[in-house]
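I am opening a notebook on this structure. The entries below follow the order in which I looked things up.

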Amino acid sequence: MSAPSGRSNMSGFSSRMDGPLKHSDLVPPTKKRRLSPDHTVMRRQSIHDLVAMTVVPQIEHIKDPRSRGLLFLVRNSGETRRDFTLRNLEQSNAGHLVDMFMVFLSLFWVAVYIYVNKDVANPKLPTEVQLLSHTLGVVFLLDYMVRLYASPLRMSHFWSFFPLVDFISLVPMVIEIVVGNDMLTHISKQTDSLRQIASMLQAAKTIRILRAYRALKFIKSTVNRQMTATALTVVCIIIAMAGILQILDQCSPACDSFMFCSYNFTAYDCPRNDMCFHADVAHNCCKCQELSFFDWTYFVVVSISTLGYGDISPRGRLARLATSTMMLMTFVLVPIQVNRLVATISTHSGYTSSYKEHRTHTHGIITAGGDISAGTLANFLRQFFHPDNPNWNEKIVILHPTAPSNDVQRVIHLYEPRVQYIVGSAMNDLDLDRAMISKAAVCYVLVNKDTTRPSNEDQSCTLLTAAFRGMNANVPVYSQVFMSQNISHCVLSGATGVICVEKLKLGVLGLNCTVWGLSTLLSNLLDTVSPSVTQLYPKDSWETSYLKGYLHEIHRVDIPRSFSGLTYRELILFLFGTIQVVPIAMLTDTGVTFAPMDFKLGATADPTICCTLYILASNVSVADQIAEYPLEQIRMFRQTLRKQERYVAEKIQEAFEIAAVTAAAAVAPSPTTRMLDAAGPAITPNALKSSSNLPVLQDDDDAKQPTDAAVLSALVKGLHGAKHVFGQASPFKEFLAKVLPDDLNDHVVIVGLPASLGDIIVPLRQFNARNQTGRLQVIVFIAPFVMSEHHFHSLGDSTAVFFVQGSPLSSFDLHRIHIDTAAAIIILAGSGSKRKYLDENMVDADAITTVRYINEACSASKPPNLIVELVKATNVKFMSSIVKRRTNQNRRRHSDGRHTRMFGPVVSLKGIGGADVSKPGRNSEEVGISLSNKDDSDGKIDVEHICELSYASGRVYVSGMIDSLMSECYQKPNIIPAVNLLMFGSPADTDTQRLFQVKTPKSLHGKTFGECFRKVLALNLICIGCLHSGTDKTPPYVHTNPPADMVIVHTDYIYVIGKPCAELPI
């Protein structure tokens, strides 16, 4: 494909050069031509296509050949034979195999030498050993010559250490091949000097063991490599010096009849004997000894370890000189290697190792674009390794370029040995191999929520996602980003699922203004708590009811084929009526969707199931209960339901026929007609239109006719654009110059500036089911620092949006924004300033202080509707002032993290074992203390903040919900789109179905939740819980999937999934 394009380019170039050259062609222009944005995009696209056609194939071609299993490299164009040979020796698989083979042969030859000379040094080799020696000599010589030929600097190569060792070990082999071992043996018998020289030639072959250093390059760990180098140094000294000392201290054959001299006398006493004295003068019989190779090995080890037992010592002058030289070399070489080893170990930590348990444990990999927050990691690991989660055999590998901080180390120690931290970069293939990316079951890419540069953070997360996907094409990769516009970039990089931190957080805070308690409800659906927490409080207390609802989570279950033929509504009725499980969404080929109520369950690609649902249940064991339902029970339920439907249809038909006959027979006004006329005017379509709260369709012609207000608005926008074009003012400056209205009322105040303003304005306006007037609700941002132009561009539509630069801790600024008449007040974490605290537990200090100032400013009016974002869950206890509480009781907290009960008397409080620990006359606080003093780890709530009144009522949002959602992606792959569907609905859904909240209709007052569920289901809506507004005995709290026999009261608000409406037409 590249050749034709090249020819076409050249032909175009030649055609342009056919004509005579002009002066403008020779002289370069003095000013560059500026391209339009369209041309710039086209030019970038053409460059991208060119790189994809030319550079990418070249990169694929020059990859490491070992990854493709090639034995030899391909010779490049213009490459010399010497360079090609050198590249194959250093980089190819064949070169590495040759290195390993030569190391093996070197060690093998040293072993042969030790075997031949184990008893005494013998220059005479057996016949088979001679043949082996000649063969190895030829092989070693060929290897040396090839490497010398391929070396670019041959003289430097010759004098380098290891080639010089090869040369020294090759000299005796070449001499033995040329002269022959028999001739060398004959020469050695002539004089003692020649005998020692012949033996030294044999001993020189042992230094070939130094070639074992070639194996060091195959060891990846630096510590293991240095430890091996130190061990090889010591082993080489021992073997080489033992062979040399055995030869230098060997006795002459003429001393065979005088061996008693060396055995019975020391080197100093031997000359005192006359016979030994003459033998020593003639053949040095007193200065020699016959020891085996292993005896000399023992002597060398004792000597270099500085023990010096003295039972063996050299006698000859040359042997003593060699021993002195050995000691000097040992004192130099060994400390050098030991110092290198110590330096390597000191720079090496436990975080530079590799993950080695992939054969026995499934593992996931976590990395981050910025710093890893200890709070984020703690929330993630708490949810991932919760005892009630099925992740019992999994492990987590954290791969990050920097060493963990002290706070992160404390979190890791809590979950050891199930968590391993590795210092490395996911952008490095070697580090990914250390983390065993090829065997990973899931990968996570986290963002640093405290970053001041969210765009850079998103870029890093996108690249890390691409790095994971490049090394493993099948592993699920779940990533986080800050800005919603970067979600598509992360998906294109290979992410299986993407969580937009800002969009999700701001969406929860914005929807919490109209769907009261949404933050707590979503946390209920994502957090996992132990069922034993319901035993910490009395059975009839609000805490027990609240915690029973908190046990419900979103689970993914497969519905068996036995349910085929039921409609989706019938399936919901069956599951709710039998085990009170609430289906909330269905997994289809297009993703997670809200299935129509009349959808009929049928066959799927899997022959064992008919559909996959996301349900609301207290534990995952409900999947087994659903699978165990017999077909006969389902069939009976279907028949009973059909009979009820036919009975209802017949009654409706009878009533319709009676009404039709009555209307046809009526000639004069009947008493019923006169009664209706007296009751009021007739119901007309216009009256229905004005009285109904449901949306009414309009004619297309009426909808298309623009109103005067719309025309005026368009004219104002046009004038605004013209004003900006002429440079008189910019939209950003005009926005900052807008003045707040004097009659500001029922508005939303947002304390702080999020990274993307549009992500909080959209849920405040587009998803506000309570706003039926059509009037835009005023939104006021207040922050102590000035708004940047980047914030303004993320705003979108700035109509009825204002910004005030001021401090929420100033009564003057709070009076400017009419804080006392605001409908809702959202306080963002870190809204007061951008400072950093030494103690990370103080990160919510600004939000806590702001809440207290706003409560004081609104003390004369109604309590404000406050929604507060907190970073640390442990700071929820300071939000007690949000919820109206009794002031005449003590507010001290218990030592186990449970809050002090403020509502209602304590009738009985039973411990975990069932014993009654409450007595008459003891208040709730005393009973609570008695329980908290019990040394029982099961009696503590693993998420201690969930029973705080401000959190249970949904007034506080804790960022740990996003971390819990991230950890749930492993066992529930489509949990991210399921949560987004609940909050924002689907863009493809014309009914914009989602989670919303309505006040309980009067017809449901005093009814049970089971009746409420069935009546709401008849409206094609699914009820999943309620918000108790609170009474004198109980505080407000969110109740997820209450028991079917719980009675609904008039102050309750119910959570419903479906098409949003302001009221239920029941």
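**Charged pairs**

I began in helix 6 (residues 127-150), where Asp143 and Arg147 sit four residues apart, about one turn of the helix. The model I am reading is a predicted one. Asp143 and Arg147 form a salt bridge, with 3.1 Å between the closest N and O atoms. I looked up their accessibility and found both Asp143 and Arg147 buried.

I then turned to Arg382 and Asp527, whose side chains make a salt bridge at 3.7 Å, N to O. Arg382 belongs to helix 16 (residues 374-384) and Asp527 to the loop between helix 22 (518-526) and helix 23 (542-550), so this pair ties together parts 145 residues apart in sequence. Arg382 and Asp527 are both buried.

My next entry is Asp813 and Arg816, a salt bridge with the closest N and O atoms 2.9 Å apart. The two residues are three apart in helix 34 (residues 811-816), about one helical turn. Asp813 has 9% relative accessibility and counts as buried, whereas Arg816, at 33%, is partly exposed. I also noted a network in which salt bridges with shared partners join Asp99, Asp143, Arg147, Asp166 and Arg214. Searching the whole structure, I found 17 salt bridges.

**Aromatic rings**

How many aromatic pairs does the structure hold? I found 27. One of them is Phe384 with Phe385, edge-to-face, at 5.1 Å centre to centre and 90 degrees between the planes. Both of these residues are buried. Phe574 and Tyr629 have ring centres 5.1 Å apart and planes at 75 degrees, so I logged that pair as edge-to-face. Phe574 lies in helix 24 (residues 568-579) and Tyr629 in the loop between helix 25 (622-627) and helix 26 (631-665), 55 residues apart. Phe574 and Tyr629 are both buried.

I traced a cluster in which ring pairs link Phe380, Phe384, Phe385, Tyr415, Tyr444, Tyr478 and Tyr970. I also checked for charges over rings. Arg82 lies over the face of Tyr149, 6.0 Å from the ring centre, and Lys503 lies over the face of Phe984, at 5.4 Å.

**Cysteines and annotated spans**

I searched the whole structure for disulfides and found zero. Cys858 is buried at 4% relative accessibility, and Cys947 is buried at 2%.

Last, I read the UniProt record, an unreviewed entry, which places "transmembrane region" at residues 94-116, 128-146, 158-179 and 227-248. In the model, residues 94-116 are 100% helix, with end C-alpha atoms 33 Å apart. Residues 227-248 are also 100% helix, and their end C-alpha atoms lie 32 Å apart.

Key:
Residues are numbered from 1 along each chain as its sequence is written. This is a predicted model: local features need pLDDT of at least 70, side-chain atom pairs count only at pLDDT 80 or more; totals for chains, interfaces and linings use all residues. Side-chain values use heavy atoms; hydrogens and water are left out. Rings of Phe, Tyr and Trp (its six-membered ring) pair if their centres lie within 6.5 Å; planes under 30 degrees apart count as stacked, over 60 as edge-to-face and the rest as tilted. Buried means under 20% relative accessible area, exposed over 50%, partly exposed in between (1.4 Å probe, protein chains only). A charge sits over a ring if NZ of Lys or CZ of Arg is within 6 Å of the ring centre and within 35 degrees of the ring normal. A disulfide is a pair of cysteine sulfur atoms within 2.5 Å. UniProt positions are given in the numbering used here, feature names are shortened, and annotations may be inferred rather than shown by experiment. A salt bridge is a side-chain nitrogen of Lys or Arg within 4 Å of a carboxyl oxygen of Asp or Glu.
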